[in-house]
Amino acid sequence: MGRFLQIAGLVIGLAGLILQFCISIPASMEAGRSLLGSVIFVFSFFTILTNIGAVLVYMSLLSPTFYAWLPAFAGARMRAGVAASIALVFIIYATVLAQLWQPQGLFLLCDVLLHYVTPVLFVLWWLISGADGRTRWSDISWWMLYPVAYLIYALVRAPLAGEVPYPFLDVAKNGSPSVAISALAITGLFLVLCVVAVLADHGIARIRASKLR
C-alpha cells in the first residue's frame, strides 16, 4: 500500500506541477508579465514549492540513483516536515482560499490535484510508510523556518513586484494589522501541525514496535 501511494503521489504530483506550469506561465504572460516574471510568479506560491518538496521526497526514496542526488529529502525529519507543510496547504486552501475564486477547466483540475489530492496522498503515505519514530521535538524549530522564510519573502517581494501570491498577504489592500494577524495565525497553525506530526511519528513507531513483540 505504501509503495502504491508513493508512486501515485509522485505521478499525480508531477502531472499537477507540469500542467500548472504549462497553463499558468502563458496566462501570466498574457496578463503582462515577462517570461522570467511569470516563472518567478509561479514559484512564489507556497503550494507549488511544497508540492515540489513532496515530489522530491518521493523521488529520493524510489531508487539508489535518486537517493544519491537527493539525500536530504530522504531523511525521516524531512518527510515529517513536508507532511506538516502539505497538510497546511490543504487546510488553508480548503478553509480560506477556495472561497475566494472559482477556477475553471484545467486551472480547476490543477487546484484539485495540488491542493487536495497530493496532500491527502502524501500524508497517507507518510503515516503508512514514511513515519518511523526518528523525529525529535527540536526538529520543529527547523520546520518552522520554511513558512517563516516564505512569509518574509512574500511580504518583501510584494511592494517590489506589486502583487502577492495570496490575498490575505496584501498589505496595501488589507492593512498591516490584518496581514500580521493572518501571518501569525498561519504560523500558529503550522506549529500545531508540527506538534501533531511528531506525536504521530512517535505513536506510529510505538505501534509498530508493539506488533513486532
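1. Ile204 is found in helix H11; helices (H or I, at least four residues) and strands (E, at least two) are DSSP runs, numbered from the N terminus. The structure is a predicted model, in which local features need pLDDT of at least 70 and side-chain atom pairs count only at pLDDT 80 or more, while totals for chains, interfaces and linings use all residues. Residues are numbered from 1 along each chain as its sequence is written, and side-chain values use heavy atoms, with hydrogens and water left out.

2. Ile204 has a relative accessible area of 15% and is buried (buried is under 20% relative accessible area, exposed over 50%, partly exposed in between, with a 1.4 Å probe and protein chains only). Apart from neighbours within four places in sequence, Ile204 is in contact with Leu127 and Ala131, where contact means heavy atoms within 4.5 Å. Pro71 is 133 residues from Ile204 along the chain, and the two C-alpha atoms are separated by 23 Å.

3. The protein chain holds 11 helices and 0 strands. Its radius of gyration is 18 Å, close to the 17 Å that the globule rule gives for 213 residues, so the chain is as compact as a globular protein of that length. The radius is taken over C-alpha atoms, and the rule is 2.2 Å times the number of residues to the power 0.38. Along the principal axes, the C-alpha trace spans about 60 × 35 × 30 Å.

4. Of the 213 residues, 44% count as buried. Among contacts in the chain with a separation of 6 or more, 76% are between residues 24 or more positions apart. The accessible surface is about 11,000 Å², with 75% of it belonging to carbon and sulfur atoms; these areas come from the Shrake-Rupley method with a 1.4 Å probe, and for residues only the protein chains shown count as cover.

5. The largest nonpolar core has 50 residues, of which Phe122, Trp126, Trp143 and Tyr166 touch the most other members. Such a core is a set of buried Ala, Val, Leu, Ile, Met, Phe, Trp, Tyr and Cys residues joined through side-chain atoms within 4.5 Å. Elements giving two or more residues to this core include helix H1 (2-30), helix H7 (105-130) and helix H11 (176-212). Helix H6 supplies the largest share, 10 residues.

6. Trp143, leaving aside its neighbours within four places in sequence, is in contact with Arg77, Ala80, Gly81, Thr135, Phe190, Cys194, Ala197 and Val198. Pro147 lies in helix H9 and counts as buried at 4% relative accessibility. Pro147 and Val39 are 108 residues apart in sequence and 20 Å apart in space, C-alpha to C-alpha.

7. Gly2 lies in helix H1 and is buried, with a relative accessible area of 8%. The C-alpha atoms of Gly2 and Trp125 are separated by 5.6 Å, although the two residues are 123 residues apart along the chain. Beyond neighbours within four places in sequence, Gly2 is in contact with Trp125, Ile128 and Ser129.

8. Ala74 belongs to helix H5 (residues 71-74). Ala74 is buried, with a relative accessible area of 9%. Ile86 is 12 residues from Ala74 along the chain, with 16 Å between their C-alpha atoms.
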